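Hi,

Here is the structure I said I'd pass on. Have a look at it first, and then read my notes below.

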Amino acid sequence: MENNIVLSAKGICMTFPGVKALENVDFNLRKGEIRALMGENGAGKSTLIKCLTGVNKFEAGEIHLDGIDGPVVNRDTLDAQRKGISTVYQEVNLCPNLSVAENLFIGREPMTKFHTVNRRKMNEMAAKLMKDLDLDVDVTQNLEEYSLALQQMIAIARAVDMDCKVLILDEPTSSLDDNEVAKLFVMMRRLRDKGVGIMFVTHFLEQVYEVCDGITVLRNGTLVGEYSIEELPRVKLVAAMMGKDFDDLASIKQEGSGDKSKEPLVIDAKGLSHAGTIKPFDLEIHKGEVIGLTGLLGSGRSELARAIYGADRAQTGTLKVKEKDVTIKNPIDAMNLGMGLLPDDRKAEGIIGDLSVRENIILAMQAKQGIFKKIPMAKQIEIADKFIEMLQIKTASRETLIKQLSGGNQQKAILARWLATDPDFLILDEPTRGIDIGTKTEIQKLVLKLADEGKSVMFISSEIEEMLRTCNRMAVLRDGAKVGEISGDDLTQEGVMKAIAGGGKD
């Protein structure tokens, strides 16, 4: 192939029920290039990846791969891997009950002369691979013993070790902290220098400009253009993705977002804890307040929220909701007290993939009402249509299976589920992770609107900038403990980073 191109897709077309997912899309990747694939949720990024790797059988177009004459037809992901295309998806796709070494070499284990797996050799090879990638991992331990972030790095290590010509990374950094992202970028640059072509899908713009050589932009299933990094500054990239001049996220400001301490208390937690996850903490949340939980990955942000909500039952301490002593034994107790929790893992704990958008939206309302008091179909339709319209959920129909929606639209549907219950206190755990800039903005504006209406919101995010735009106050966590709070003049990026590093102010 010409111009040093290792992978070339031409005129790819793909249709799902009621939706043209890709229309005449081209994608070119050169040897030794890191190319970002950018676009809003629903732009067609994941669909294109699945077409390249044999998951989707596309209707028109051709794929060409360096070293192979004629168009390539990948029957499945294993066929694509054998030809040199390895993929690491956003959700870790490994076997948690197997060891790290078994996961690294599954399907290609070294064998003894007796045709049994040579475990000693496999463990040695796995340990060397981990050492080469600067990962401190005991390869004989089960994968489930390690954090999601380390599992993600192990998945990437497996793909790297497959002698790939093309490495596709689909949102690999969404579960990694800054140090792990830096390690990943070192790994990516090393592979680029060896001639591997890397397709990098991310929603973090700063990462694109830190590590990529080029950008391909999709919008609504069509190709907007292919650019070098120099010819597409951030403002132009966002405009290309959105199809319009974009109102910068920084313009989102909180009106009257000052001190809420005079407002009634909605949540008053004293000494709550859950063994092994979160140490005893105190936290007050006032009516109409947006409180952020900040800290590095694994600091205990989600665990604190789960202890309040009863997803992990608190083993010590007391909790008052709207100034009344309560005992929350499980999430249904919390729901009946006017709480809602949007979990950080929408795939495992949020959506029910084989139910429709309508069924997913009314789920929490139905749970509160009880299984013997079914919400009438007319009411279900009314609720679903209201929130599909309000949140601009892109779906062919309210009856479309939610698993057919893009990640951002799935997130909106889960948010709709909780808004339908009219909660007094809403916990949003990483509500904008892995979704496009436009949807991020909509969710941030919605948080501020809810606060204006007197609802209290707990906002957990790995992106400090979006928390500064939405939060009145932040609680700082480190190693499973709440170590401080910041508000007022200290609520700046520098103030937050200082607090995370040094414990902040109590």
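T216 lies in strand β8, in what is a predicted model. With a relative accessible area of 0%, T216 counts as buried, because the cut-off for that is under 20%. Leaving out residues up to four places away in sequence, T216 touches F27, R35, A36, L37, M38, L223, G225 and E226. Strand β3 covers residues 34–38, and strand β9 runs over 222–228, if you want to find those neighbours on screen.

Strand β8 turns up again when you look at helix α8, residues 234–242. The buried residues of α8 are L237, V238, A240, M241 and M242. What do they pack against? The partners are β3, α7 (205–211), β8 (214–219), β9 (222–228) and α16 (437–452). After α8 comes G243, which has a positive phi, near 80 degrees.

A word of caution about what comes next in sequence. Over residues 245–250 the pLDDT stays under 50, and the model has 11 contacts beyond four places in sequence for that stretch. Residues 252–256 also stay under 50, with 13 such contacts.

For the chain as a whole, the mean pLDDT is 86, and 93% of the residues score at least 70. By element, confidence is highest in strand β3, at a mean of 96, and lowest in helix α11 (residues 346–350), at 74.

Another helix to look at is α1, residues 45–52. Why call it largely enclosed by the rest of the structure? Because six of its eight residues are buried: K45, T47, L48, I49, C51 and L52. A glycine with positive phi shows up here too: just after α1, G54 has a phi of about 85 degrees.

Next, L283, which is found in strand β11 (residues 278–286). Is L283 buried or exposed? Its relative accessible area is 1%, so L283 is buried. Among the residues that L283 touches beyond four places in sequence are I267, D268, A269, I291, L304 and I308, and its list also includes M458, A475, K482 and E485. As for D268, it sits 15 residues from L283 along the chain, and their C-alpha atoms are separated by 6.0 Å.

Now the overall numbers. The protein chain has 18 helices and 19 strands. Its radius of gyration is 24 Å, which agrees with the value near 23 Å that a compact globule of 506 residues would have. Along the principal axes, the C-alpha atoms fill a box of roughly 70 × 50 × 50 Å. Of the 506 residues, 54% count as buried. Looking at contacts with a separation of 6 or more, 66% are between residues 24 or more positions apart.

The chain carries 66 positive and 76 negative side chains, with the centres of the two sets 3 Å apart.

That's what I have for now.

Cheers

Conventions. Residues numbered from 1 in each chain as written. Heavy atoms only, no water. Helix = DSSP H or I, 4+ residues; strand = E, 2+ residues; numbered from the N terminus. Rg over C-alpha atoms; globule rule 2.2 N^0.38 Å. Buried < 20%, exposed > 50% of the residue type's maximum accessible area, 1.4 Å probe, protein only. Contact = heavy atoms within 4.5 Å. Lys, Arg positive; Asp, Glu negative; His and termini not counted. Charge placed at Lys NZ, Arg CZ, Asp CG, Glu CD. pLDDT = per-residue confidence, 0-100.
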